[in-house]
Amino acid sequence: MKTNAFRGSNVFMSRKLVPPEVFDKLLGALKDNGAEVFLCCDPSRNGQNDFHVISSIDHEKFEDLRAKGCNLLGPQCVLTCAKENRALPKQGFTCCLAMDGLKVLASGFETDEKVKIQKLVTAMGGMLQSKASLDVSFVIVKNVLAAKYKWALNNSRKPIVTIQWLYQCWSEHRVVPQDSYRVLPFSGLTICVTKIPADERKEVEKLVSQNGGKYSPELTKKCTHLICDISFMLSFSRT
């Protein structure tokens with residue numbers, strides 16, 4: 001079915017940048033939707049209505065094309081736009097539209113990690129928010145020590161997931177089920193015990209590990225929590 005969804009768009013598609021197994025399908029989708037297709041790569045064409053199809057963010061030509069200000073599209077993005085009869089997105093690089101309309105909040109990550117998260121979220125059509133709000137779709141945290149983890153846990157009913165969830169969405173070009181990527185309650189914690197019998201220590205170690213934490217046999221500066229017998233705490237408080 002032919003439409004004019006891509007009318008006015010100049011799309012550059014080189015066989016060196018697009019996988020052979022989808023090349024013909026992409027070419028047909030572009031032409032059927034009214035795009036002007038050029039079977040080459042021309043980085044000098046970086047106007048508002050100029051688009052370049054590229055296989056992935058890891059392609060050797062990706063950074064060069066981005067540096068020249070080209071609009072880049074992944075094969076999945078083109079095919080989805082054609083299927084849904086919508087215009088090609090103009091936001092630098094769009095790999096796919098798996099997160100179209102979704103708002104993502106990230107917390108607990110270093111600056112370079114946040115840059116990568118934003119890159120992936122926006123490339124899938126989503127939006128990375130800097131502030132907590134009730135309209136977020138997903139909350140990605142490094143661990144339970146993240147500044148916005150407690151807010152998300154107490155105020156938001158939205159899924160709280162690890163960054164591995166985002167990587168899997170990127171890999172599959174879809175929003176994958178989040179159950180196996182939920183943040184465990186002891187994630188990021190290092191827990192030590194004292195004045196507790198050996199058999200109980202083994203059980204604590206098991207529970208800590210099962211819930212995403214690290215068990216430390218000794219109390220060090222890296223420990224975030226110390227579990228002890230209440231009688232020990234009472235005697236310690238009297239000293």
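This is a predicted model: local features need pLDDT of at least 70, side-chain atom pairs count only at pLDDT 80 or more; totals for chains, interfaces and linings use all residues.

Q: Which helix is Leu-30 in?
A: Leu-30 belongs to helix 1, which spans 20–32.

Q: What is Leu-30 in contact with, leaving aside neighbours within four places in sequence?
A: Phe-6, Val-11, Met-13, Ala-35, Val-37 and Val-78.

Q: Val-78 is one of the buried residues of helix 3. Which residues of helix 3 are buried?
A: Pro-75, Cys-77, Val-78, Cys-81 and Ala-82. These lie on the same side of helix 3, because the arc they cover around the axis is only 165°.

Q: Why would residues spaced along a helix point the same way?
A: An α-helix has 3.6 residues a turn, so those three or four places apart point the same way.

Q: What covers the buried residues of helix 3?
A: The cover includes helix 1, strand 3 (50–53), strand 4 (71–73) and strand 5 (93–94).

Q: And which residue follows helix 3?
A: Asn-85, with a positive phi near 55°.

Q: Over to strand 5. Is Thr-94 buried or exposed?
A: Thr-94, which sits in strand 5, is buried at 1% relative accessibility.

Q: What does Thr-94 contact, again leaving aside neighbours within four places in sequence?
A: Leu-72, Leu-73, Gly-74, Cys-77, Pro-89 and Ala-123.

Q: Changing topic: what volume does the largest pocket have?
A: About 190 Å³. It is lined by 14 residues, and the closest to its centre are Ser-55, Ser-56, Pro-75, Gln-76 and His-173.

Q: Which elements give two or more residues to that lining?
A: Helix 1 and helix 3 (75–84) do. Helix 3 gives the most, with 3 residues.

Q: How does the lining of the largest pocket split by class?
A: There are 7 nonpolar, 5 polar and 2 charged residues.

Q: Last one. Which residues does UniProt list for "domain: BRCT"?
A: The UniProt entry, which is unreviewed, lists 99–183 and 181–239 under that name. In the model, residues 99–183 are 35% helix and 16% strand, and the end C-alpha atoms of that stretch are 20 Å apart.

Note on methods:
Residues are numbered from 1 along each chain as its sequence is written. Side-chain values use heavy atoms; hydrogens and water are left out. On a 1 Å grid over the protein atoms alone, a cavity is a set of points where a 1.4 Å probe fits but cannot get out, and a pocket is an open set with protein on both sides within 12 Å along at least five of seven lines; lining residues have an atom within 4 Å of a point. Grid points are joined across faces, edges and corners, and a volume is the space filled by probe spheres set on the points. Helices (H or I, at least four residues) and strands (E, at least two) are DSSP runs, numbered from the N terminus. Ala, Val, Leu, Ile, Met, Phe, Trp, Tyr, Cys and Pro count as nonpolar, Asp, Glu, Lys and Arg as charged, and the others, Gly among them, as polar. Buried means under 20% relative accessible area, exposed over 50%, partly exposed in between (1.4 Å probe, protein chains only). The arc is that of the directions from the helix axis to the C-beta atoms. Contact means heavy atoms within 4.5 Å. UniProt positions are given in the numbering used here, feature names are shortened, and annotations may be inferred rather than shown by experiment.
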